[in-house]
Amino acid sequence: MADLQVYQYDSTKLPYESKTYTTPDMGNLYETPEKNQPGEWAINSNMKMVDLSHPWGNDQPTWPAGEQPYMKPVQYMAKFNRRTQLAWGMPEHVSTQYDAPAHVCQESPFVHEVPLEKFIAPAVVWDIPCKPMELISLERVKEAQAKLPMKPGDYCIIVTGWHRLYSDSDRYFLWSPGLSREAALYIRDELGASGFGIDTQALDHPLCSYMANHGPGPLAPRVLEYAEQFGVDINDEQFSYWEPVHEVFLSKNLPGYEDVGGDVDKVLGKRCVICAFPSRWYMGDGSKVRMVAFIDKDDINDVPDRTYKYGTY
């Protein structure tokens, strides 16, 4: 009989690399330019926290191509005297959310590969009220910059007013305004933003998405009819790009935040510090976030707390 062989661990091989993929060396393609690094910030005892997140859950307003979150308790009080919700499904791209570079850029970082430092920064919250399907021009962004200057390393948050229409409806998802590509490039390259967020259905205008004539679209052909009703020229060169604002920011590993909401009116037109941490989702291309603004209590706008009539909208 052969001698019994005892397996021994080779400690030199631990810890081991568990990834099943490798990201090619892309040079500095997905590295944040120096001027886009988050700036210095401070939190003191006079600071208040303001929630800038929409709630989420069953019957969640969801982008036309997305799926509904669902959940149910597997233990509940009447039977087990404990409540545990383990049976659930959580799409990444619903409610207030973060888009990682891998969402639109091939062979780029996933959520778990992006440094935590990128998810907190000083911020300006620009008030740019919009009409249905308005394309936010470079001129409007320059006007906002003149009123509330953004510094290199700041987050740029644009509030169009669409967060007040947040719902499972065409008016929120298909009538949404959106930032132009040239305005996005100005915010990134000239102003040096370290992240960008907006209170609409996506970083981009609906006519720059596959709800219209891009990629596998049109997913929602009626968006083209709405454009005609609202006097929007679908042949505008700005609409020839597929999700250009996504690529402007995500290609430089700058956080992109969609569906900014909650009590954002409390910090409208203000400077503050914003943190919005995603879950540590392995190989996720995005994640819901709990976006919070830190602002001096004496600087908060005197507006009522947001009430969500239908629970999630």
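Reader: Hi! What should I know about the model before we start?

Author: Hello! The model is predicted, so local features need pLDDT of at least 70 and side-chain atom pairs count only at pLDDT 80 or more, while totals for chains, interfaces and linings use all residues. Residues are numbered from 1 along each chain as its sequence is written, and side-chain values use heavy atoms, with hydrogens and water left out.

Reader: Great. Where is H246, and is it buried or exposed?

Author: H246 is in helix α6, residues 244-250. Helices here are DSSP runs of H or I with at least four residues, strands are runs of E with at least two, and both are numbered from the N terminus. H246 is buried, with a relative accessible area of 1%. Buried means under 20% relative accessible area, exposed over 50%, and partly exposed in between, using a 1.4 Å probe and protein chains only.

Reader: Which side chain does H246 make a polar contact with?

Author: The side chain of E258, at 3.0 Å. A polar contact is a pair of N or O atoms within 3.5 Å; within protein, one must be able to donate a hydrogen and the other to accept it, and residues adjacent in sequence count only if both atoms are side-chain atoms.

Reader: And what else is H246 in contact with?

Author: Leaving aside neighbours within four places in sequence, H246 has contacts that include D99, H103, D204 and S251. Contact means heavy atoms within 4.5 Å.

Reader: Switching to H93: where does it lie?

Author: H93 sits in the loop between β3 (87-89) and β4 (97-99). H93 counts as partly exposed, at 22% relative accessibility.

Reader: What polar contacts does the side chain of H93 make?

Author: One joins H93 to the side chain of Q97, at 3.1 Å. Another, of 3.5 Å, links the side chains of H93 and H103.

Reader: New topic: which residues of α2 are buried?

Author: In α2 (residues 138-147), the buried ones are L138, V141, A144 and Q145. Seen down the axis, they fall within an arc of 120 degrees, so they line one face of the helix. That arc is of the directions from the helix axis to the C-beta atoms. The face turned away from the buried side carries the exposed residues A146 and K147.

Reader: How do α2 and α4 pack?

Author: At an angle of about 35 degrees, with their axes 8 Å apart. L138, V141, K142 and Q145 of α2 make the contact with E182, A183, Y186 and I187 of α4. Axes are lines fitted to C-alpha atoms, for helices over the stretch in contact, and angles run from 0 to 180 degrees between N-to-C directions.

Reader: What about α5, which of its residues are buried?

Author: V223, Y226 and A227 are the buried residues of α5 (residues 222-229). They cover an arc of only 105 degrees around the axis, which puts them on the same side of α5. What covers them includes α3 (170-173).

Reader: Last one: how many residues are in the largest nonpolar core?

Author: It has 29, and W126, I158, L179, I187, F196 and F249 have the most contacts inside it. A nonpolar core is a set of buried Ala, Val, Leu, Ile, Met, Phe, Trp, Tyr and Cys residues joined through side-chain atoms within 4.5 Å. A second, separate core of 25 residues includes Y98, V267, C272 and V289.
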